[in-house]
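Please look over the chain as it is shown here.

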Amino acid sequence: MNIKITGTGSYIPSTIEKNENFHNHEFLNSDGSAIKVPSEVIVKKFKAITGIDERRYAKNHLNTSDIASFAAEKAIENAKINREDLDYIIVAHNYGDVRHDSQQSDTVPSIASRVKHLLRIKNPKCVAYDLLFGCPGWIEGVIQANAFIKSGIAKKCLIIGAETLSRVIDAYDRDSMIYSDGAGAVVIESTEDEGGILTHETATFALDEAHFIYFGETNNPEIKDKRRYIKMYGRKIYEFALTNVPLAMKSCLDKSGIAISEVKKILIHQANEKMDEAIVKRFYELYNLEMPEGIMPMSIGKLGNSSVATVPTLYNRILNGEMENQHINKGDVIIFASVGAGMNINAVVYKQ
């Protein structure tokens, strides 16, 4: 028995927020002081570092649970399964449903229960739960589904990564330009087909690193409400990721017994183009090799960082032929990898 992804789906919101839309923004330092360069210069430097030209925002009437269900519908259809046969629905997110006109995150009932409701699944033995694990949440959901199926607890699982980060960003923070909305989903099943999930690796670094990404107040001291926004220590995250993610990827690959020369693609969380490139280069350096051209597909330039949704969305788009000069063929070995709040790291070696 092998455990494979049999269906994929994604939802990419239609509202495009381009970099030039931020040229009139007032960006402030974290202490509330003015940044003494024009916004156009800030945006240009941001593009050079992150690779982001534009990002996607959900329409005002849609919530995280809505777009999660859209991606899920596509994955179920692609897998050609009866949705009533699903044993688990695992939804990775971080902020729940934050309505456009609200300052409060809503997670009761769980996002997974809402998705099950929207999918109109009647079977009460289809268990739906949320997974809060930072940006690596979707990959961790895949790892959990793999364990359920291996143990005989489940046969079919639906794993979704969905987020509407546009609802939790501080407009006065330069980092707000990184974040976007989106959803990606897969169906995972036991199968006699060759390949599937070969090995996985997960780690949580929380002694000194737990609060590298956190919820904090606006950079604008004139705003007196106590609403909280997503915040991060970018330099600390960069240094942490560059040190630890390549090691996790190497450990995962070495456990699989697969030679690095057999790896065809690395689908890494679309966090920051320069950081992702540095991580993958460092990974190959651990084998005394140079990073191969085309090994690391990137979608962040047009889609931004949608947290848990980046990896499944990227995977789905490649399989659907929507990424120029990027293909994944049957039998190809790929690595999924991510890093995010917690600080959490994970990786999966997968044979298509």
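The model is predicted: local features need pLDDT of at least 70, side-chain atom pairs count only at pLDDT 80 or more, and totals for chains, interfaces and linings use all residues. Residues are numbered from 1 along each chain as its sequence is written, and side-chain values use heavy atoms, with hydrogens and water left out.

The chain holds eight helices and 13 strands; these are DSSP runs numbered from the N terminus, helices being H or I with at least four residues and strands E with at least two. Its radius of gyration is close to the globule-rule value for 352 residues, so the chain is as compact as a globular protein of that length. That radius is taken over C-alpha atoms, and the rule is 2.2 Å times the number of residues to the power 0.38.

| Property of the chain | Value |
|---|---|
| Radius of gyration | 20 Å |
| Globule rule for 352 residues | 20 Å |
| Span of the C-alpha trace along its principal axes | about 60 × 50 × 40 Å |

Of the 352 residues, 57% are buried, meaning under 20% relative accessible area with a 1.4 Å probe, protein chains only.

Strands β2 (residues 15–18) and β3 run antiparallel and are joined by four bridges; strands pair if DSSP finds at least two bridges between them. Thr15 is opposite Tyr57 in β3. From strand β3 (residues 54–57), Glu54 and Arg56 point one way, while Arg55 and Tyr57 point the other way, and all are buried. In a regular strand, side chains alternate between the two faces of the sheet.

Key: Buried means under 20% relative accessible area, exposed over 50%, partly exposed in between (1.4 Å probe, protein chains only).
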